[in-house]
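Here are a few friendly notes to read alongside the structure. Please take them in order.

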Amino acid sequence: MSAEPIVPTTMVPTPSKVPFVTAYNPSTSTFKENIFNGKVLFCTGGGSGICRGMVEAMMKHGVNATIVGRNLDRLTTEANELSSLTGRKCIPAQADVRSPEQLRAAVDTTISQLGRIDFVICGAAGNFLAPIEGISEKGFRTVLEIDTLGTYHTVKATLPYVREQHGAYIMVSMTRHYRGMPWQAHVSAAKAGVDALSQVIAVEEGPRGVRSNVIAPGPITGTEGMDRLGAKISDKEKKAMGLLTEPDIPLQRMGRIGDVANAGVFLFSDSASWITGQVLAVDGGCLHIEGHSIPYPSGILDPSSVQHMIKPRLPTNGVTIPKASGSVCGTTCVFRSGPNINSAGNQLRPTTIIQTHPFPTLFLRLMKDLFLNANFPRTPTGRVYHLGLKHGEIANRIVTVGDPKRARTIASHFDKTPKPFELLSERRFLTITGRYHGVPVSVIAIGMGGPNMDFFVREARECLVGEMVIIRYGSCGGLADIPVGSLVIPDACVAITRNWDFDFTSEVNDPEKDKDAYLISKPVNADRELHAKLGQVIGEAANAINASSGNHPLVLSNAVNAAADSFYSSQGRQTSFPDHNTSLIARLLNEVPRLATLEMETFHLYHLAKAYPRPIPMVASGDKPESPGEQSLPNPTALRHGGIRASAVQMVFASRSTQGFIAPDHVQTLERWVGRACLDALTQFEISEELLHPVEGSVWA
């Protein structure tokens, strides 16, 4: 007689047909907060991105840290924030990893202030997209110098101290070189070298108690790498092209900086004391599935077909950008595409240019944009010609400066969330847009002179709905008896222009005749309400500075500024040219009441603000796209339902009467607190709700 079948006493679970998205958990949910008490971390590239996140996680578990990078202002800001967040000590150390001497100095700073080095993160790196034929030798070499040689230099400088503590190294690599990745030859070679270095260190230094491992991040959100190298198309379009999308990742989500930081905490912890010479891919399983960053092979055979996928050129954090010229940037690859227009508005032969850039150019600009309108040039996606901006990337409240470094100093006060948007245009206009105390604000560096101010005001106006409130924060020369380091908030401005019809060939200076060499305009006033608010806020900030340090800067708000069309001739400076300007300063002081300062931009700002009509009724219609797939651009008249309100504050850099000049450390002090005061004035300045740019679709949403 056959046996009865055994019936299970419990039901077998039915597999779910809904993907499970793995949750992210911070390291503090797993590891004790004090596991690294008394330890010291040294991190290159620690001022931003993944490495900054790794430092923060380590500090939350007890380490003190040194963060190393090239931009001291940014490092100092981040070090202060990390210390505030964690209650641990973080010090900034300025160094270029390509310089062994600078790295040794950073190590010396660490030892003198923190006493030891237990852990080292080698994280300084850079990348850009370019095919092999489009990478210059200089560009290839520079990436190797930063990634591979930089790692080597960091190990050499720190090894004696890490040996002493029986410490550990983590090299930050990537996963792209584990399979051939198109347009990544330079960084693939560099990171392969980093991986090999780590393995050798693990073997050579293991008997001395030193461990070395590699973390290879996959697709991590919130990093500049993903911003620059990620395709700017929808998941649906990616899927159609066979590209990797979030549902394709085995663990069903993009990585976070915290995921990489968790791996770092583990590998530095005692739980990993028998792990060395390994590569840990933190990628959600992406290495084990098919997927490319660009369509393969179509994107390789026809690069112009992927133009719409690549983000436009983005800026670096404090990295100097070289001029784009053939001698600097290396090879230029030319591909046939659509129409192009030169500066005279004439159609050129149809070409699209891929211009490769050597590191330290960390922005990406894969394709040179096409422009559709010679009257007011815009790209098919709505970007303007000089600023490179489009709608939703510039806020109604704006601080404009000349120096990109000053712009970054001011933007360092922005809220951390949402992450500030940055764009460096091909014409080198830097825009940083974020929120300050929750209010959307933009800081834009425009360089020097009236023409650049004209580009800024006109193009920003066409990228913005509603009221436009601008504070110019610049430097100037003092004409009256004003101490260097003073602050002038001009309530009016005059223009000084060279009279091109004057006979400058004469070598005889005659004060009476020379009056005809330069034209002085009537004054144009600042916006009265904005001027009053700016004067109030800066005055209060100056009083606070005086209360804390006893150093009260002079603040003048009842003064007139003169803006010249030249740094030399129209400002009365003497050169070998026969400029007939020896009596110009005396004439200005005699003819312009309350004249205090001289610079090059403010009159143009005040004049355009006054000339701009406000308000103009909205028009509902929009321009028809010129071809399928192009973005529908609003008619300019539909945007002008708000005016332009302008004021300015100027730091007196030089005294024309005493020939004194401001010290660099004084400039840095002023830039920080006056920059914050400009943001305070803007955010306190009321703009009615109907005159604000829509939040939806903006970078501050």
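1. M448, F567 and Y568 make a nonpolar surface patch of about 320 Å². Patches join residues with over 30% relative accessible area and no salt bridge, like charges within 9 Å and nonpolar side chains (Val, Leu, Ile, Met, Phe, Trp, Tyr) within 5 Å. Areas come from the Shrake-Rupley method with a 1.4 Å probe, only the protein chains shown counting as cover for residues; a salt bridge is a side-chain nitrogen of Lys or Arg within 4 Å of a carboxyl oxygen of Asp or Glu.

2. A word on the model: it is predicted, local features need pLDDT of at least 70, side-chain atom pairs count only at pLDDT 80 or more, and totals for chains, interfaces and linings use all residues. Residues are numbered from 1 along each chain as its sequence is written, and side-chain values use heavy atoms, leaving out hydrogens and water.

3. F567 sits in the loop between β22 (560-564) and α15 (584-591); helices (H or I, at least four residues) and strands (E, at least two) are DSSP runs, numbered from the N terminus. With a relative accessible area of 34%, F567 is partly exposed (between buried, under 20%, and exposed, over 50%; 1.4 Å probe, protein chains only).

4. Now the open sheet: seven strands in the order β3-β2-β1-β4-β5-β6-β7, with parallel pairing (at least two DSSP bridges between two strands). β3 (90-94) and β7 (279-282) stand at the edges with a single partner strand each, so one side of each has no neighbour in the sheet.

5. Strand β6 (residues 211-217) pairs with β7 over four bridges in the parallel sense. I215 has L280 in β7 as its bridge partner.
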